[in-house]
Amino acid sequence: SDVCSSDLVTGPELLTAVVIGYELMHRSLNPMAPYSQRRGFQGTGVGGPFGAVSVAAKLTGLNRPRFADALAIASSYSAGLLEYDQSGGETKRLFAGLAARAGLEAAELAGSAMSGNHGFYENSRGLFHAFSDVHDPELATAGLGHEFRIATHRRVKMYPAVGTIQGAIEAMAAICPTAVREEEITRIQVLVPFGAVKHGGAIQFPEDVASAQFSFAFAMAIRALYASNDLELYESAEIRADPNVHRLCAKVEVATDPELPVDRKSTRLNSSHITI
């Protein structure tokens, strides 16, 4: 196919396409954040197809009308439910791959002259209305051309856990630099931004790897008991079933930090206050 051709691209061409992909993915989500997530939709699943189709369209040279069609087609692939951060399961692993496939397919279809509905973003049955009760379309173009999302919306995770938990792990490591026994801890209270209470704080006793990675309780428990949050601890069914880990998970309380905002700004914060 044209999208999957063997023709090589130069480094600058690839970098340009990736930057454009970041822009379209994040600018498709910004008007809805954080309200689409609070409604139950995951960002990679919803915004990923726009990033992927933008990369494919740039590398294959789709003209402007065909690119508009490609974006519209990609909007029909937007999906991704957040239930995994409540009841576990491995479905989160699929979202990036599904988005990449969607982008390639959308670019191919548009390149084959399939048309798209061009009100897919802001019209009454478009993306913003469908995925969020609160949205501001102007945020899609705010800073366009001089604020690049690849620089401002990129996160690096130091630990193999959801982003909302990263700050809490650092705080716990400072409090417990070496391993402690379960009976030495009476309670662990974690105060976090509003959105992190459900996105990381809902799973108390994880039963699989993914739910462990989305569990404040498990992250705090293994940091205290093992002085580590290495990947093998999350992957170990034996550790997840360890009575000491289970008892310490039960002692972890996650609540909203009253000093942090509950509006859009709270999604930019990874602040955590921990009391033991």
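Predicted model: local features only at pLDDT ≥ 70, side-chain atom pairs only at ≥ 80, totals over all residues.
1. Phe95 has a ring partner in Tyr84. Their ring centres are 5.9 Å apart and the planes meet at 65°; angles over 60 count as edge-to-face, so this pair is edge-to-face. Tyr84 belongs to helix H5 (residues 84–87) and Phe95 to helix H6 (residues 95–111), so the contact ties together parts 11 residues apart in sequence. Tyr84 is buried too, because its relative accessibility is 3% and the limit for buried is under 20%.

2. How many aromatic pairs are there by this rule? The count comes to 8 aromatic pairs. One of them joins Phe41 and Phe131: with ring centres 4.6 Å apart and planes at 75°, this pair is edge-to-face.

3. Where do Phe41 and Phe131 sit in the chain? Phe41 is in the loop between helix H2 (35–39) and helix H3 (43–60), while Phe131 is in helix H7 (residues 127–131).

4. Are Phe41 and Phe131 buried or exposed? Phe41 has a relative accessibility of 18%, so it counts as buried. Phe131, at 11% relative accessibility, counts as buried as well.

5. Finally, have a look at the group made up of Phe50, Phe120, Tyr121 and Phe128, which form one aromatic cluster.

Key: Residues numbered from 1 in each chain as written. Heavy atoms only, no water. Phe/Tyr/Trp six-rings, centres within 6.5 Å; stacked < 30°, edge-to-face > 60°. Helix = DSSP H or I, 4+ residues; strand = E, 2+ residues; numbered from the N terminus. Buried < 20%, exposed > 50% of the residue type's maximum accessible area, 1.4 Å probe, protein only.
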